[in-house]
Amino acid sequence: MAMREPKAQKPVVHDASKPDRGSAMAGDPGPAPNARLAGQRQLAELVSGSTRQVAQRGMISATMSSPRMQGAVIQRYAEAPLAPGGPDYRTSQNGAIRLEPMTQNLQATAAAITTANESLTAAKSAVRLVQGAAVPGGNFRQVGIEWKEARLKSSASTVANNPDGSQTVTDHANLGAARAAVDPLLVWADCSKASAEVSGSTSMDRGGDHVVMPVHGSKGGTKKGSKLDGLKAQEIDASATKFTNAVYIELLDSFLKANTAAAYAAVGYHYKTTPGSARRTALSLAPTKTYASAQQAKAAGFAEDIPLTPGPRARFIYHKLGAAGQAAFDVYAGINHSAAPVVGQSYAMATEHSAPGSAAVGGAARWIYHYAGVIMVDGGDRVTLENYAVGAKKVVNSNWVLQMYGTAAGAPGQTFHDQHLATGTHGTRATTLTIGNG
């Protein structure tokens, strides 16, 4: 079998000087060398450190996100050393999974491994979990990672060994050949490509993927948002992903219609009134319309300060909901703290450059996005497989890491949205989504 149990390793963090593909905004300078090192230390502390550190530092601040829901049943992972003086491990809500954060050291019960593999197979994921040796403390087994196939094709002409131990794929028809020739644990050094393998995507640009959205009404469940390909004609906000546009374009109107009477709804942004009547009529986002002037937008019922183009307009309408309204929309849309991908789906965080209040943190360049594919779930907790870009295309390495995140009802700081936004790599505004390929 072409696998080995991954060893525990020091936390691997994203070099802020080598952002994900297309992640720095055009014209944004990269950080100076000392700032890069400081950024790496911050990432190591905030992403791989305990959530207590995140909360104590007050890093969960104003974001394109919702406040924590109050009075919810607590669903959280626990974080503590397995032995005095040892590294912290995150143990999932129901106790079936534990891992050393931001390493490849994953342990789980046999039943949890079997359940995860069934879901990965159903999602046509290239990832499988392999049950390894028993480890002390409960019914845990070491978990190895195996790639069943390389779905994402690569062009080029040879496998070159790089000084840092990575490889550049330039000869083999696909990544599978490089894994056979060099290292069975090689993964694309790119967050999107790495998570695309987890979610069974068929192309490196995620062209067949879609946003996963809740279904409202008696049926319940989830539905597919517009596919990425289908949004090309509506690429109305070049500084955020088309996936983010899908959420606001497809769900804001129905949300506003259902909530015109809410205390957080504001005239000129969410509803309009007829002179002499108190009746509220929900405003339409008008996702394909660019208003020629503020006067034209006002004639449609909007306030004079509403953005004229659809992408910024959608984010401004969201901003004007205020904290309570944003929290309600996040739950309605399944985004930010409410994003909850299942096995074979992925988290996708998009930096919101056009959102009100969007700014860099400490002058650092901002990434455009970060993806993380979910490989296991226990209760409210998710385990992801993530890799990071190294500043060059077609590079593969075995520096991928595993991480555990909680859900919206968990303790402060436990969600994917909390922890990645806290690093500052997405600035002060970002949206976290669930995406899938099925």
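User: Where is Ala 286 placed in the protein?

Analyst: Ala 286 sits in the loop between strand 13 (280–282) and helix 7 (294–299). Helices (H or I, at least four residues) and strands (E, at least two) are DSSP runs, numbered from the N terminus. Residues are numbered from 1 along each chain as its sequence is written. The model is predicted, with local features needing pLDDT of at least 70 and side-chain atom pairs pLDDT 80 or more, while totals for chains, interfaces and linings use all residues; side-chain values use heavy atoms, without hydrogens and water.

User: Why is Ala 286 called buried?

Analyst: Buried means under 20% relative accessible area, exposed means over 50%, and partly exposed is in between (1.4 Å probe, protein chains only). Ala 286 has 16% relative accessibility, so it counts as buried. The phi of Ala 286 is near 55 degrees, a positive value in a residue other than glycine.

User: What makes Asn 336 buried?

Analyst: Its relative accessible area is 1%, so Asn 336 falls under the 20% cut-off. Asn 336 is not a glycine either, yet has a positive phi of about 55 degrees. It lies in the loop between helix 9 and strand 14 (346–351).

User: Why is helix 5 called mostly covered?

Analyst: Helix 5 covers residues 191–198, and eight of its eight residues are buried. Among them are Cys 191, Lys 193 and Glu 197.

User: What makes Asp 190 a cap of helix 5?

Analyst: A side-chain oxygen of Asp 190 lies 2.9 Å from the backbone nitrogen of Ser 192, at the N-terminal end of the helix. A polar contact is a pair of N or O atoms within 3.5 Å; within protein, one must be able to donate a hydrogen and the other to accept it, and residues adjacent in sequence count only if both atoms are side-chain atoms. The 2.9 Å distance is within that cut-off. Helix 5 is followed by Gly 200, whose phi is positive, near 75 degrees.

User: Why is the pair of Glu 197 and Arg 179 called a salt bridge?

Analyst: A salt bridge is a side-chain nitrogen of Lys or Arg within 4 Å of a carboxyl oxygen of Asp or Glu. The side chains of Glu 197 and Arg 179 meet at 2.6 Å, N to O, so the pair qualifies. The pair links helix 5 with helix 4 (residues 175–181), 18 residues apart. Both Glu 197 and Arg 179 are buried.

User: How many salt bridges does a search of the whole structure find?

Analyst: The search finds four. In one of them, Arg 90 and Glu 79 are 3.2 Å apart, N to O. Arg 90 belongs to strand 2 (residues 88–91) and Glu 79 to strand 1 (residues 78–81), eleven residues apart. Both Arg 90 and Glu 79 are buried.

User: What makes Glu 352 and Arg 315 a link between parts of the chain?

Analyst: Their closest N and O atoms are 2.5 Å apart, in a salt bridge. Glu 352 is in the loop between strand 14 and strand 15 and Arg 315 is in helix 8, so the bridge ties together parts that are 37 residues apart in sequence. Both Glu 352 and Arg 315 are buried.

User: Which residues touch the most other members of the largest nonpolar core?

Analyst: A nonpolar core is a set of buried Ala, Val, Leu, Ile, Met, Phe, Trp, Tyr and Cys residues joined through side-chain atoms within 4.5 Å. The largest has 38 residues, and Val 247 and Phe 329 touch the most other members. Helix 6 (242–258) and helix 9 (322–333) are among the elements that each supply at least two residues. The largest share, nine residues, comes from helix 6.

User: What is in contact with Val 247, leaving aside its neighbours within four places in sequence?

Analyst: Contact means heavy atoms within 4.5 Å. The partners of Val 247 include Val 211, Met 213, Phe 329 and Leu 433. A second, separate core of 37 residues includes Ala 108 and Met 376.

User: What share of the protein is buried?

Analyst: Buried residues make up 54% of the 438 residues. The protein has ten helices and 19 strands.
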